[in-house]
Amino acid sequence: MNKDLTVGKPGSALCKFCLPLFGSIIFQQLYNIADSFVAGKFISDNALAAVGNSYEITLIFIAFAFGCNIGCSVIAAQFFGAKRYNDLKTAVYTSLIASTTVCLLLMVVGVVFCDGLLRLIKTPEEVFADSKLYLDIYIYGLPFVFLYNVATGIFSALGDSKTPFIFLACSSLSNIGADILFVTAFKMGVAGVAWATFICQGISCILAIVVIFIKLAKVDENDSENDENASDTTENKGKFKIFSWKHLGKFSVIAVPSILQQSFISVGNIVIQSVINSFGSAVMAGYSAAIKLNNMMITSLTTLGNGVSNFTAQNLGAAKFDRIKAGFFSGLKLVWALCLPIVLLYEFAGKWLVYIFLESPTGLSMDTGVMFLRIVSPFYFVVATKLVSDGILRGAGMMKKFMLATFTDLALRVSLAEILSRTALGVTGVWISWPIGWTVATVISVVMYATIKWNHLHSKEEHHHTL
């Protein structure tokens with residue numbers, strides 16, 4: 001069901017919208033957690049290291065898919081909030097076409113440079129073959145990853161966070177069963193883990209796209225009084241374009257910076273992964289287990305930040321600025337409420353959580369995973385604050401300010417990881433770089449949010465619409 005986020009109590013509306021998003025990302029993360037669990041428990045620690053190693057490269061592809069998601073979601077949400085429904089449909093179809101084109105180009109790049117990327121991050125020979133196998137199969141499934149991400153962005157723009165939750169819940173649970181079946185019954189090894197994900201994501205993607213087309217067909221065109229396609233003549237009522245260069249431009253203004261931001265983060269993570277790889281496969285396995293737990297938390301917080309972006313975009317389109325400001329504080333309460341139990345869990349039960357992923361949960365691999373969680377997790381409260389203010393900056397289309405905060409975090413984490421790992425701290429120095437980058441970037445993002453002039457921003461958008 002579509003939901004107008006410009007009405008009702010801001011805190012209640014944001015909470016009801018974000019909770020299914022949070023549930024969705026939990027199931028989304030189950031894809032990767034299931035892969036790591038099955039690889040580590042039913043194959044070997046080297047298989048776990050291979051899956052974790054490949055995952056850092058897949059994040060580059062996910063960065064592009066995420067950027068397309070955000071580009072479509074923010075623009076569509078602004079049109080939905082302003083009740084410009086023909087513009088909404090044109091933006092959706094334009095985004096689907098653009099995203100598919102980007103996906104096909106990335107598949108070519110992935111196939112050609114797969115080996116080179118694995119060599120670049122210093123993948124040990126004992127895990128190289130499995131890493132390449134997993135990555136190759138993942139690349140074949142990129143269209144499913146892209147189109148599903150755009151579909152979820154459209155759902156979010158329309159205020160519907162429940163439908164993607166249902167899709168992901170069913171798909172993720174199916175993936176767990178398929179992982180175990182392919183590895184234990186069919187003895188497919190790492191390939192079984194990859195193909196299980198491929199199949200389940202494919203089915204989920206196809207169903208999501210079908211539902212999107214159904215929902216778009218039901219959007220009420222009669223209410224589009226301000227729609228530029230419908231304002232001139234009665235004949236144009238209900239008409240929209242399959243592709244528009246103007247809407248592609250709007251999409252690109254949001255999507256390209258988001259892609260660059262996520263891509264540079266992924267490249268930074270690859271650099272960090274290469275530093276970790278130099279410490280051997282035991283440290284790699286421990287890091288792979290811990291980073292899954294960390295990424296589950298960070299991705300959950302990022303998704304809630306995306307919910308804040310949609311809330312901001314709809315209310316900016318409706319010129320309801322006080323609701324945006326209220327949404328910031330409501331968003332903080334929501335993410336901090338999530339941080340508290342997770343921080344306590346990771347601090348005091350981190351050993352048992354890391355144990356889940358390791359075939360031989362002793363020695364260096366276990367110590368590595370536990371140490372990472374204990375150093376990083378207390379700072380989830382800090383990065384959560386950044387992701388809420390980032391969400392508002394992105395929803396308002398203020399991408400330069402958004403990118404400044406993110407790149408500061410990345411630059412600090414990557415440079416400090418390289419420097420501190422060469423000191424007496426060793427690999428622990430890599431973990432310390434996370435809190436430092438997060439803290440500095442959070443200060444920048446919050447200051448950027450606090451200095452937004454909302455009336456000026458909305459007047460500028462209205463001027464562009466009348467041109």
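Q: Leaving aside its neighbours within four places in sequence, which residues is Gly 350 in contact with?
A: In this predicted model, Gly 350 is in contact with Leu 345, Val 370 and Leu 373. Contact here requires heavy atoms within 4.5 Å. Gly 350 itself belongs to helix 10, residues 321-355. Val 370 is 20 residues away in sequence, yet the two C-alpha atoms are 5.6 Å apart in space.

Q: Why is Gly 350 called buried?
A: The relative accessible area of Gly 350 is 2%. Buried means under 20%. The value falls under that cut-off, so Gly 350 counts as buried.

Q: Why does Phe 213 count as partly exposed?
A: Its relative accessibility is 37%.

Q: How many aromatic pairs does a search of the whole structure find?
A: The search gives 18. One of them joins Tyr 93 and Phe 213.

Q: What makes the pair of Tyr 93 and Phe 213 stacked?
A: Two values decide. The ring centres are 5.9 Å apart, and a pair needs centres within 6.5 Å. The planes meet at 20°, and stacked means under 30 degrees. Both tests are passed, so the pair is stacked.

Q: Why does this pair tie together parts that are 120 residues apart in sequence?
A: Tyr 93 lies in helix 3, residues 85-120, while Phe 213 lies in helix 7, residues 190-218. The pair therefore links these two helices.

Q: Which residues form one aromatic cluster?
A: Tyr 287, Phe 372, Trp 431 and Trp 434 do.

Q: How do you know that the charged end of Lys 351 sits over the ring of Trp 352?
A: The charged end is 5.8 Å from the ring centre. The distance cut-off is within 6 Å, and the charge must also be within 35 degrees of the ring normal. Arg 119 likewise lies over the face of Phe 128, at 3.8 Å from the ring centre.

Note on methods:
Residues numbered from 1 in each chain as written. Predicted model: local features only at pLDDT ≥ 70, side-chain atom pairs only at ≥ 80, totals over all residues. Heavy atoms only, no water. Phe/Tyr/Trp six-rings, centres within 6.5 Å; stacked < 30°, edge-to-face > 60°. Helix = DSSP H or I, 4+ residues; strand = E, 2+ residues; numbered from the N terminus. Buried < 20%, exposed > 50% of the residue type's maximum accessible area, 1.4 Å probe, protein only.
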